[in-house]
Amino acid sequence: MADKLDTSPEEEAIKDEARQFMNNLVVSSEGDDDDAATSPTAKGTEKIQAWKEFYQTKCSQQQTTTEDDGIIIMSKFWSLYDPNVTSIWTMTYDEADSNENLDETIDIVNTLVNEETMESIRDDCFGIVHTLESLELEGLWFFNGPDPELLFGANEETSWYTFAQLGPEATDLVQVAVANLLTPTDGKFNGKVIQDTKVFC
């Protein structure tokens, strides 16, 4: 993110629109559970790709965002999220107690996101993984489809992690949980300083 805030009328108008979107956000109830896809779909790919294009343009590897940046980023995310064709999952490294130093812990994340086999699913998922000062690894994944199966199939390193779904309804608690990982404030997650962030985009 740029250190200097853009306070031009155009930028303020965008921020106001984003705030209004978040204030009025209501989980879509169109259709029923039978409409939910049971595997990745073309529509899901479009959603993931649209999000990744936005993220690459708007975001960087920086660990902190301003409040206004966070509002804009999250409003875009929720405008693309569709529980019928996409899903959101948290990821926690199971062997954090065995991590001995920061560099080796960061390498664990590098191994995960840079695995050659990940190229086969690049169009169908987005991930962000934080290395905390406690040497814990916490991540968020946005998938085309109802579950992380495509990631499990592409990368054996995922066996070292526990995945948990957020949602599928975008409740207030779900929105907060996603924002805490996607747009952390003050460079922290759950009160712990984020030492490094890797993105699979």
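This is a predicted model: local features need pLDDT of at least 70, side-chain atom pairs count only at pLDDT 80 or more; totals for chains, interfaces and linings use all residues.

Residues are numbered from 1 along each chain as its sequence is written, and side-chain values use heavy atoms, without hydrogens and water.

An open sheet is formed by six strands, ordered E4-E1-E3-E2-E6-E5, with antiparallel pairing. Strands are DSSP runs (E, at least two residues) and helices likewise (H or I, at least four), numbered from the N terminus; two strands pair if DSSP finds at least two bridges between them. At the edges are E4 (161-166) and E5 (188-189), each pairing on one side only. E5 pairs with E6 (residues 192-200) over two bridges, and Phe189 stands opposite Lys192 in E6.

Helix H6 lies across E1, E2, E3, E4 and E5, at about 115° to E3. Helix H3 (residues 67-80) packs against H6 (residues 172-182) at about 125°, with axes 11 Å apart. Axes are lines fitted to C-alpha atoms, for helices over the stretch in contact, and angles run from 0 to 180 degrees between N-to-C directions. H3 and H6 are therefore oblique to each other, a class left over once angles under 35 degrees (roughly parallel), over 145 (roughly antiparallel) and 65 to 115 (roughly perpendicular) are set aside.

Thr131 is in strand E2 (residues 125-132). Thr131 is buried, with a relative accessible area of 1%; buried means under 20%, exposed over 50% and partly exposed in between (1.4 Å probe, protein chains only).

Methods: Contact means heavy atoms within 4.5 Å.
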